[in-house]
Amino acid sequence: MTTYFHHLSRCCAAVLLFTVQANAQQINIPIETNHNALVLQADAKMNLHSIYFGKKLANASDYEQVGGVYKQGDDYTGMQDAAYSASGSRNLFEPAISVTHADGNNSLDLRYVKHEVSKVDDNVSLLKVTLKDPVYAIEVTLFYKSFYKEDVMEQWCSIRHTEKGNVTLHKFASANLFIKGGSFWLNQYHGDWAKEMQPEESRLTHGIKTLDTKLGTRANLFQPSVFMVSMDRPATENEGTVLYGALEYSGNFRTDLELDHQDNLRITSGINNYASTYTLKSGELFTTPAFLYTLSSNGKGVASRNLHNWARNYKLLDGKGNRLTLLNNWEATYFDFDENKLSALLKDTKKLGVDMFLLDDGWFANKYPRNGDVAGLGDWEENKKKLPNGIAALVKEASSNGVKFGIWIEPEMVNPKSELYEKHPEWVVREPKREEHYFRNQLVLDLANPAVQDFVYGVVDDLFTKNPALAYIKWDCNAVIYNAHSAYLKNQSHFYIDYMRGLYKVLERIRAKYPKVPMMLCSGGGGRVDYGALQYFTEFWPSDNTDPLERIFLQWEYSYFYPAISSSNHVTDWGKQPIKFRTDVAMMGKLGFDIVVSHLAEKDLKFCQDAIQVYNGLKTIVWQGDQYRLSNPRSSDVASMLYMNAEKSSGVIFNYLVNNRYGTGSKLPIRMNGLDAGKKYRITEINLYPGTSSTIDGNKTYSGDFLMQVGFNPDVNSGRASVLLKIEEVK
Ligand code: DGJ
């Protein structure tokens, strides 16, 4: 029996159900997207295999022949290519799931029972495959949500049993993939504060390479879950086969990349089982977060545009919507401000020409005022000395200045020097009998506790209830979890998982009441950037490092996985580059400023004001356009990135000198991408600093073919270290 569910009728509610006939030989379940196919097969004994994952074949019947052309030796287990590997029976590899049954037995054997396909809409299908253990009353449902046009797949599972007693889950991955290839090249990321998204590429050797985190909150600080695997050779921007993967989860994750003795790659990804053995009651449903992936046979560019489209269409909150440009006061004032200072900043916001003023840390707490990062966190009443008339007066004043008002919070955290800590020590994640360890002088609140969930939700709800005109929230999260212990939970090994469930419950509640208020996902920089969280947030803060040179590299790496509209980029005083360079770099995503406007020289101010107008004119292309990385700062003296509209008629190209050695610059033309070869284009320089003129002849026209084959020279050099070009079709 073979089923092809992407050719279902256009009816959204269509559900096809397949159950096993007693004499069934084998069952093929192909999951096809625009260019790719993942084909599952239940054999005669109903073991579920993954028999193909790669570029779609022209004839669906050919998938069956794939296994026959590999001569890699015997599969001793009969389940090397299991669609979801269980442990304790024949499997000899890293399992996706590992359990102890109610009777103490450790074996699990999952067999196909049925599958069901439903169309979510014209583009999205959901396949559910039910697997059951023939001996024990335990069932696993595999979910495959496929996004046809975007070539993206989300895969997760749910686990349930009706055994007499509890089942212990030792491991509970979202998915495992089985991939064949000549060699595999992993591109992974590591980082720290102000050093997020540092890439590293290496060939996978036999054995297991694990990417994981055990930090609990701010979980990505040292390692995000995003990664790439190239097949046969490292993929480039436009060539090679490459898989992008990520777990949609904000807590501890674990991804194992296992190259087996026969050179097959098994990728197993899910919640990290570290210190998280889960006791599953009879009838209880355990649902994993989704493992997200996309596969491209044409290099990294296609893979990232797939993810950008998917994120804007389906995941990022309000991914197709508007965003607010802003002036933030963090680096302008730090904790040192009062109503008068803020009043002046509100006027500066208007003068600069951005949409909103964002009040950062330091506005709250009275018994232990928040005048530094050592006190006050958790006490969310306005500080009476700094703000005698409260937030309400500021929101009102912002509005009379014609700008919106946003505010910073960090509601998951507490300083030991706070009234909250004094009142509710039982709400704090800490080992009662041990010394407390602080990260940025603070501790984490126990979101596994429903009372804490109410408190955190209340922080946000109170702000909006008292200030309905509040336009924006920056949600920070600066500490990792030390001494992981919940005074609320009976079973401590549920802590990490229940913390995240608590966080998501709070975010769900916030979004149920305030569906679209923009919120920035911040975590002392990019300590929590993932698609699990981004369904509740409109944007993220990539890093506290706003040195524009560093940012070119940081934003470059984020751009592989996240669309520009989600990246909050602020112009600050970090770095040695002039204001034009800093502003151009920040314009590559969602533009903001964190500078003292009144300290700007006259021409600098004029430049910023004009730049905001330029940005308003091209932001739709930056936010919704297709992104093409043209020249990589890691391998060239010049970084170049193009954003092009869907019609291929209008775009913007950002170019920077990233090496200041003598005589460096754009000696060679930069080859364009994503243009229409048959169209004619004009390229003009924009966003010039007052009093300077362009060296680019904006009267010339070039064919798309020429620009993509030969290229264009932005004339980047030490005197023109940042060059912004507008490219437009000439009819
Ligand atoms: C860390 C954030 O990344 C900064 O932007 C700022 O909001 C500070 N926290 C405030 O404490």
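**Helix packing and ligand surroundings**

Helices α9 and α10 are roughly parallel to each other, because their axes cross at an angle that falls under 35 degrees, the limit for this description. The model is predicted, so that local features need pLDDT of at least 70 and side-chain atom pairs count only at pLDDT 80 or more, while totals for chains, interfaces and linings use all residues. Residues are numbered from 1 along each chain as its sequence is written, and side-chain values use heavy atoms, with hydrogens and water left out.

The axes of α9 (residues 548-558) and α10 come within 9 Å and cross at roughly 20°, where an axis is a line fitted to C-alpha atoms over the stretch in contact and angles run from 0 to 180 degrees between N-to-C directions. Helices here are DSSP runs (H or I, at least four residues), numbered from the N terminus. The crossing of α9 over α10 is left-handed, a term used if the near helix is turned anticlockwise from the far one by less than a right angle, with right-handed used if it is turned clockwise. In this pair, Pro548, Leu549, Arg551, Ile552 and Gln555 of α9 meet Phe581, Arg582 and Val585 of α10, contact meaning heavy atoms within 4.5 Å. These residues divide into five nonpolar, one polar and two charged; Ala, Val, Leu, Ile, Met, Phe, Trp, Tyr, Cys and Pro count as nonpolar, Asp, Glu, Lys and Arg as charged, and the others, Gly among them, as polar.

Helix α10 (residues 579-586) also packs against helix α11 (residues 602-624), at an angle of about 20° and with the axes 10 Å apart, and α10 and α11 are therefore roughly parallel to each other. Here α10 passes α11 in a right-handed crossing. Ile579, Lys580, Thr583 and Asp584 of α10 make the contact with Asp604, Phe607, Cys608 and Ala611 of α11, a set with four nonpolar, one polar and three charged residues.

Helix α3 (residues 339-352) and helix α4 (residues 390-400) have axes that come within 10 Å and cross at roughly 25°, and they are therefore roughly parallel to each other. The crossing of α3 over α4 is right-handed. Glu339, Leu342, Ser343, Leu346 and Lys347 in α3 meet Gly390, Leu394, Glu397 and Ala398 in α4.

Around the ligand there are 13 residues, of which Asp360, Asp361, Lys474, Asp476 and Asp544 come nearest, a residue being counted if one of its heavy atoms lies within 4 Å. A polar side-chain atom of Asp360 lies 2.7 Å from an oxygen atom of the ligand, and a side-chain N or O atom of Asp361 is 2.6 Å from a ligand oxygen atom. For Asp476, a side-chain N or O atom is 2.7 Å from a nitrogen atom of the ligand.

Methods
Helices (H or I, at least four residues) and strands (E, at least two) are DSSP runs, numbered from the N terminus. Angles under 35 degrees count as roughly parallel, over 145 as roughly antiparallel, 65 to 115 as roughly perpendicular and the rest as oblique. A polar contact is a pair of N or O atoms within 3.5 Å; within protein, one must be able to donate a hydrogen and the other to accept it, and residues adjacent in sequence count only if both atoms are side-chain atoms.
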